[in-house]
Each structure stands twice: as structure tokens, then as C-alpha cells.
Amino acid sequence: MKLRTLLRLVPLAAFVAGCSHLDVSAPGSEDRVLKGMITYNLDAALPADAVVTVRVIDAANPAGPLNLLGEATLPHPGPPPIPFQVEYRASDDQLMHQVTVDVRISFGGKLQFHSVGGNPVTLGNFDDTHVIKVEAAGGRW
């Protein structure tokens with residue numbers, strides 16, 4: 001009798017184990033906060049008139065207009081690493097595509113640094129601390 005019961009449970013156990021990889025969780029809230037730090041290869045602090053702009057962008061349609069999901073402006077940012085926080089709205093579907101972070105640092109009335117490389121925000125990293133590297137714009141510095 002016990003053997004018969006055990007044999008009936010084996011297919012059920014295999015089914016449950018096979019479904020363990022399915023994601024049945026509800027979609028996350030669209031209200032999100034991106035946190036991170038900005039770094040650059042200079043040992044000097046930025047000048048007093050420096051302004052850092054951090055933007056979260058949905059770049060799924062590069063030919064279309066910019067879809068800005070969130071933006072933060074940091075006046076007088078201080079020495080690196082520069083911490084930042086941006087409130088933005090993005091669905092889980094958007095995070096499965098082309099959401100990126102763009103950083104620009106201006107002072108003296110000109111763009112001086114900008115983010116380099118891809119800085120993607122995904123479902124797998126949206127709540128991580130992002131480290132964004134910026135480089136001199138136009139070969140300055």
C-alpha cells in the first residue's frame with residue numbers, strides 16, 4: 001500500500017520540481033528609485049559651479065523622441081565618487097528592453113564630462129547600486 005502511494009507522488013513531485021523555474025510573481029511597481037555613484041579618472045574635486053545631471057531614459061526607439069523616465073540635478077556635487085538618486089517610472093516590460101542611465105557634468109557653462117559605455121537598467125539590476133563612469137567631453141582634461 002505504501003509503495004503504491006509513493007508511486008503516485010513521484011509524478012506530482014516531478015511536476016512541482018519542473019515548475020519551480022516559472023516566474024509567477026506579480027509585476028513590480030512602476031515607481032522606482034535608481035541609486036548609484038559617479039566616478040571619473042581625476043583626483044581633483046569638481047569646481048564649485050559644477051552641475052551633475054542624471055537621466056533615466058527609455059531608449060527602445062532610438063529614431064523617435066527621447067523618452068525621459070526620470071531626472072535628477074545635483075548642484076555642487078563634491079569629490080568622487082558622487083552619490084546620486086533618481087526617482088523614475090518604468091514598467092517591468094520597459095526594463096526588459098533599453099532603459100539606460102545618462103550622466104552629464106557641466107561647469108564653466110560647458111559640458112565637461114559625459115557617461116561612457118552602456119549603463120543599462122534591467123529587471124535584474126534596477127535595485128542595485130549603479131556605478132557610472134564618466135569621461136572628459138571632447139578630449140579635455
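A residue counts as buried when its relative accessible area is under 20%, as exposed when that area is over 50%, and as partly exposed in between. The close-ups below all come from a predicted model, and they use these words throughout.

Figure 1. Let us start with D92, which belongs to helix α2, spanning residues 92–95. With a relative accessible area of 18%, D92 is buried, because the cut-off is under 20%. Its side chain makes a polar contact with the side chain of R32, at 2.6 Å. Follow R32 onwards and you come to F126: R32 lies over the face of this ring, 4.6 Å from the ring centre.

**Figure 2. An aromatic cluster of Y40, F107 and F113.** Here three residues, Y40, F107 and F113, form one aromatic cluster. The count of aromatic pairs comes to two. One of them joins F107 and F113 in a tilted arrangement, with 6.5 Å from centre to centre and 45 degrees between the planes.

**Figure 3. K133 and its partners from elsewhere in the sequence.** K133 sits in strand β8, which covers residues 129–136. At a relative accessible area of 34%, K133 is partly exposed. Which residues does K133 touch, leaving aside those up to four places away in sequence? They are T39, N41, H114, S115 and V116. Take N41 as an example: 92 residues separate K133 from N41 along the sequence, yet their C-alpha atoms are 8.6 Å apart in space.

**Figure 4. The loop between β3 and β4.** This loop links β3 (67–75) to β4 (82–89), and P81 is found in it. P80 and P81 are joined by a cis peptide bond, with omega at about -5 degrees. H76 has its place in the loop between β3 and β4 as well. Its phi is near 50 degrees, a positive value in a residue other than glycine. H76 counts as exposed, with 59% relative accessibility.

**Figure 5. The whole chain, for orientation.** Stepping back, the chain has two helices and eight strands, and along the sequence they follow the pattern α-β-β-β-β-α-β-β-β-β. Of its 141 residues, 31% count as buried. Among contacts with a separation of 6 or more, 65% are between residues 24 or more positions apart. The accessible surface comes to about 9,000 Å², and carbon and sulfur atoms account for 58% of it.

**Figure 6. Confidence along the chain.** How much of the chain reaches a pLDDT of 70 or more? The share is 79% of the residues, and the mean pLDDT is 83.

Key: Residues numbered from 1 in each chain as written. Predicted model: local features only at pLDDT ≥ 70, side-chain atom pairs only at ≥ 80, totals over all residues. Heavy atoms only, no water. Phe/Tyr/Trp six-rings, centres within 6.5 Å; stacked < 30°, edge-to-face > 60°. Lys NZ or Arg CZ within 6 Å of the ring centre and 35° of its normal. Helix = DSSP H or I, 4+ residues; strand = E, 2+ residues; numbered from the N terminus. Buried < 20%, exposed > 50% of the residue type's maximum accessible area, 1.4 Å probe, protein only. Polar contact = N/O pair within 3.5 Å; in protein donor to acceptor, adjacent residues only side chain to side chain. pLDDT = per-residue confidence, 0-100. Contact = heavy atoms within 4.5 Å. Areas by Shrake-Rupley, 256 points an atom, 1.4 Å probe, with all protein chains shown as cover.
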